[in-house]
Amino acid sequence: MPQKTRLTDTIYDWSPAVLPSLSQQFEGRRPDELLRAALAAFGPDLVLATGFGPSGVVLMHMLAHLSPETPVFYLQTDLLFPETLAVRDELAARLGLKFIEIHCGLSLTEQAAAHGPDLWQRNPDLCCHLRKVSPLRQFLADKAAWVTGLRRDQSTARAQTPLLAWDMVNGLVKLNPLVAWSEADVWGYIAVHHLPYNVLHDQGYPSLGCIPCTRSVAEGQDVRAGRWVGWNKTECGIHLQPEVASRTTSS
Ligand code: SF4
């Protein structure tokens, strides 16, 4: 099991008003430097969100060395690929992390009874809201900061993502330490450290979500092109800003 390492002696101001300048301050620096600073400031009130994608694997490895007790959570929608759950278990064994499963409290049967069968085929925004956005909001309500694996190269919608910002929807600091990394940077890190990853990434699935809303993509396509195919939807809603979120959930 990795040992906890010294964090940082520098005290940073994480107030919402100064986060843009702090974000600029960390641009060009290593992701683990930002993680060290955030862990020193927020301790156990900092949490990592993951869908067990390659960026999440990198961040879990970094956190396992810096502060292995950091809570790592994922959204259990009851529709995840078995391969995703397999890599979850591999990561838990390899990195010594304990994952927190966040569930909306609504079984698929209950959802079908309330909203009709296969809601994702008729109203994926509502389905994502029920199974992802709402439970995430509840979980983050008493946290101080959350870390995500968002990267600017993942899609045009994510191209302007800041390194860190105040999350107005959930009311806490949001850190995206790998925002400037490329797909190649992430896979290079995984190869160097011999980290486990979802085997579906080798079968044409660069981005994985729920089974009904994920397709394989052709060589050269946008990495998120296989998500919600046939819908004008590129995000589940957990990473949308308020004005965009309200547009999406009402459509
Ligand atoms: Fe529902 Fe699809 Fe969203 Fe999963 S990704 S919560 S199945 S709409």
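Predicted model: local features only at pLDDT ≥ 70, side-chain atom pairs only at ≥ 80, totals over all residues.
Residues are numbered from 1 along each chain as its sequence is written, and side-chain values use heavy atoms, with hydrogens and water left out. Local features need pLDDT of at least 70 and side-chain atom pairs count only at pLDDT 80 or more, while totals for chains, interfaces and linings use all residues.

Let's begin with the ligand. Its shell (residues with a heavy atom within 4 Å of it) is made up of Leu79, Trp120, Pro124, Cys127, Cys128, Arg131, Lys132, Cys210, Cys213 and Trp228. Eight of the shell residues are nonpolar, none is polar and two are charged; Cys, Pro and Trp count as nonpolar here, Lys and Arg as charged. Helix H7 (residues 124-140) supplies the largest share, five residues. Helices here are DSSP runs of H or I with at least four residues, strands are E runs of at least two, and both are numbered from the N terminus.

Now look at lysine 233, in the loop between helix H8 (183-192) and helix H9 (242-249). Lysine 233 has a relative accessible area of 7%, so it counts as buried (under 20%; exposed is over 50%, partly exposed in between, with a 1.4 Å probe and protein chains only). Leaving out residues up to four places away in sequence, lysine 233 touches Pro124, Asp125, Cys128, Arg227 and Trp228 (heavy atoms within 4.5 Å).

For contrast, turn to glutamine 160, in the loop between strand S4 (145-147) and strand S5 (164-167). Glutamine 160 is exposed because its relative accessibility is 72%.
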